[in-house]
Amino acid sequence: MQSSYRLPGLAVTDHVFTVPLDHTDPADATIEVFARELCDPAKSDHRLPWLLYLQGGPGGKSPRPLNATGGWLGHALKTHRVLLLDQRGTGRSTPVTARTAARFGSARELAHHLAHFRADSIVTDAELIRRQLCGDQPWETLGQSYGGFLTLSYLSTAPEGLRACYITGGLPGLDATADDVYAATYPRVREKTTAYYTRYPADRELLRRLADLLDRHPARLPDGDRLTVRRLRALGLILGMGGGAERLHWLLDEALDPDGEPSATFLHQAMNLTSFTDNPLFAVLQESIYGHLGAATGWAAARAMAEHPEFAENADPLLLTGEMFYPWMFEEIATLRPFGEAVHLLAERTDWPDLYDPARLTANRIPVAAAVYHDDMYVDAGLSLRTARTVGAMRTWVTNEWEHDGVTASGDRVLARLMDLAAGRS
């Protein structure tokens, strides 16, 4: 099913595909996967190469285009037809939400359902879509963050579908467990918080004051949830993006009302930033993306925190947290509560299918160009570079000019550089 229309500077076609929930059992239930095709209107009838955009996450829907000029999209549309994929469970692709989760009869049924939303299923969806749109022609991919994880799964299982791959801030450790990932994550988040306090020294005292207030009496958020100290610390998630420190600084600028209590403005924004209403799968599947090699994830972020006493809630300075998810979130955050018992089951699971084929990746001959952000808070540069050394036909560009969102924050510079690298022009 498809529909076509025009936006300023864009020829748009919306596609809806029906795919099996479980690709190993196609006769079972099906879901819908949505993708938006974009093209320069002057070239809409041309035979152009395709570029599939793989969004970060997990659980993030593809971006909605605001304009066709500038940025990575404008650069891509000069030469390509672009497909923005809402990965299964996100956006318009049979979304997984708190409401749909609450309809399952048991936590075990829900956990079984959620296990079909990892990289292996997303890649198989992409191949089904490619064959419908492109026939036997391979396409190119741009993988942002988790989209890079998907890219390596794609190269491991269906390299015949790929002509070239571009990865931005998303090279996973191929043999890294969840414990390895979070052992590296806490020191990076500490460094980001310390750098934030160095830039905005008064915010250190203000956050400690807020934490002390909330410790005595948690505030009520507009949706009825409580703002506790640990939920306050989750605001640190934004520090890994370009301008994240400024976003947090201006959020705190209006944090207290004239009575010295958390302001309504602050509470509203804190709720929006920490509720995961729009992307619950981001929280639900975050640790499961590291479930492979027969190892349970076992709430790795929570266990790793015990090794870092400087992250205690009563510590001064108060250290924020980043891309970490904890059992308490699925008890205290309304939009995550329906997933709670199922996520515990996912954390105990040991029979995850392996997502990467190291031998196949070593033998890879598809051109791959990857930007590794040296100071990335979310994806460890050390693990990324270790992977880069083992993947054939991969060229890397290591930079500290950009944060994790460099592909968007840089305009067209990151994608242009990667395309040149993959083509051997740089």
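For the entries below, I took contact to mean heavy atoms within 4.5 Å. The model is predicted, so I kept local features to pLDDT of at least 70 and side-chain atom pairs to pLDDT 80 or more, while totals for chains, interfaces and linings use all residues. Residues are numbered from 1 along each chain as its sequence is written, and side-chain values use heavy atoms, with hydrogens and water left out.

I looked up Phe 266 and found that, leaving aside residues up to four places away in sequence, Phe 266 touches Leu 210, Leu 227, Leu 232, Leu 235, Leu 251, Leu 252, Glu 254 and Ala 255. A second, separate core has 27 residues, among them Val 82 and Leu 415. By nonpolar core I mean buried Ala, Val, Leu, Ile, Met, Phe, Trp, Tyr and Cys residues joined through side-chain atoms within 4.5 Å. Buried is under 20% relative accessible area, exposed over 50%, and partly exposed in between (1.4 Å probe, protein chains only).

**Cysteines.** How many disulfides (cysteine sulfur pairs within 2.5 Å) does the structure hold? I found 0. Cys 39 is in none, and its nearest cysteine sulfur, that of Cys 134, is 13 Å away, too far for a bond. Cys 39 is buried at 1% relative accessible area, and Cys 134 is buried at 13%.

**Helix H3.** Helices here are DSSP runs (H or I, at least four residues), numbered from the N terminus. In H3 (residues 107–114), I noted Leu 110, Ala 111, His 113 and Leu 114 as buried. On the other side of H3, Arg 108 and His 112 are exposed. The buried residues of H3 pack against helices H2 (98–102), H11 (280–284) and H14 (340–348).

Notes: Disulfide = S-S within 2.5 Å. Helix = DSSP H or I, 4+ residues; strand = E, 2+ residues; numbered from the N terminus.
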